[in-house]
Amino acid sequence: MSFLKKSSLAVCVMMLSLSATFADDAKQAELEKKFEKEMSGATLVGHFTVDGRENGNPLKEERYEIASAKKLQGDQWLLTARIKYGDNDVNVPIPLNVYWAGDTPVISLTNISIPGLGNAFTSRVMFFEGRYAGTWQHGKVGGNLWGKIEYAKEKTDSESDK
């Protein structure tokens with residue numbers, strides 16, 4: 001193969017590679033924008049368990065009202081949420097990471113302090129098709145969590161049906 005043909009082939013391969021990278025970057029940006037939009041104004045409504053305390057007891061309910069989700073840089077995000085935990089009811093900004101399993105966002109926080117609630121909070125939660133599921137840990141206590149994601153429009157529609 002001549003030098004010119006080899007050079008042309010190399011340029012074509014490089015252009016295709018760059019094109020694929022730009023397409024991947026654009027797709028990722030689209031996924032992040034969708035996640036930001038879906039989480040802002042969402043309410044996570046579900047249940048959680050505490051390891052070792054299941055013993056036929058009714059499931060514990062949980063509710064997290066997400067005021068906003070904003071990407072900062074890289075994998076770093078800031079979620080501002082109303083958290084009801086025990087006797088506490090606080091609105092707090094929570095710095096966390098969002099990683100992607102294909103098209104599925106997974107939030108990750110490790111040993112963070114949440115003002116008014118304490119420290120050593122760790123969690124991994126994935127979101128998909130209007131549902132969430134994951135694990136949580138607060139110090140030596142942990143468990144599982146899962147539920148559905150409600151949006152303001154859905155709440156308005158269901159309230160108008162009454």
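The model is predicted, so local features need pLDDT of at least 70 and side-chain atom pairs count only at pLDDT 80 or more, while totals for chains, interfaces and linings use all residues. Residues are numbered from 1 along each chain as its sequence is written, and side-chain values use heavy atoms, with hydrogens and water left out.

A pocket here is found on a 1 Å grid over the protein atoms alone, as an open set of points where a 1.4 Å probe fits, with protein on both sides within 12 Å along at least five of seven lines; its lining residues have an atom within 4 Å of a point. Grid points are joined across faces, edges and corners, and the volume is the space filled by probe spheres set on the points. The lining of the largest pocket counts 33 residues, with Glu62, Tyr64, Ile83, Trp136 and Leu145 nearest the centre. Two or more lining residues come from each of β1 (42–48), β2, β3, β4 (88–101), β5, β6, β7 and β8. Such elements are DSSP runs numbered from the N terminus, helices being H or I with at least four residues and strands E with at least two. Strand β2 gives the most to this lining, with 6 residues. By class, the lining has 23 nonpolar, 4 polar and 6 charged residues. In this scheme Ala, Val, Leu, Ile, Met, Phe, Trp, Tyr, Cys and Pro are nonpolar, Asp, Glu, Lys and Arg are charged, and the others, Gly among them, are polar.

The second largest pocket has a volume of about 280 Å³. It is lined by 15 residues, and those closest to its centre are Lys34, Glu38, Phe127, Phe128 and Glu129. Here α1, β6 and β8 each give two or more residues, and the largest share, 5 residues, comes from α1. The lining divides into 9 nonpolar, 1 polar and 5 charged residues.

Gly142 lies in strand β8 (residues 141–151). At 4% relative accessibility Gly142 is buried, a label for values under 20%, with exposed meaning over 50% and partly exposed in between (1.4 Å probe, protein chains only). Not counting residues up to four places away in sequence, Gly142 touches Thr49, Val50, Asp51, Trp136 and Gln137, contact meaning heavy atoms within 4.5 Å. Gly142 and Asp51 are 91 residues apart in sequence, yet their C-alpha atoms are 5.9 Å apart in space.

Side chains of opposite charge can pair when their charged atoms come close. The structure holds 5 salt bridges, each a side-chain nitrogen of Lys or Arg within 4 Å of a carboxyl oxygen of Asp or Glu. One of them joins Lys71 and Glu32 (2.8 Å, N to O). This pair links distant parts of the chain, with Lys71 in strand β2 (residues 60–73) and Glu32 in helix α1 (residues 3–39), 39 residues apart. Lys71 is partly exposed at 26%, whereas Glu32 is buried at 14%. Another salt bridge joins Glu65 and Arg82, whose closest N and O atoms are 3.5 Å apart. It spans 17 residues, from Glu65 in strand β2 to Arg82 in strand β3 (residues 76–85). A further salt bridge, between Glu150 and Lys148, has its closest N and O atoms 3.8 Å apart. Through shared partners, salt bridges also join Arg63, Glu65, Arg82 and Asp89 into one network.
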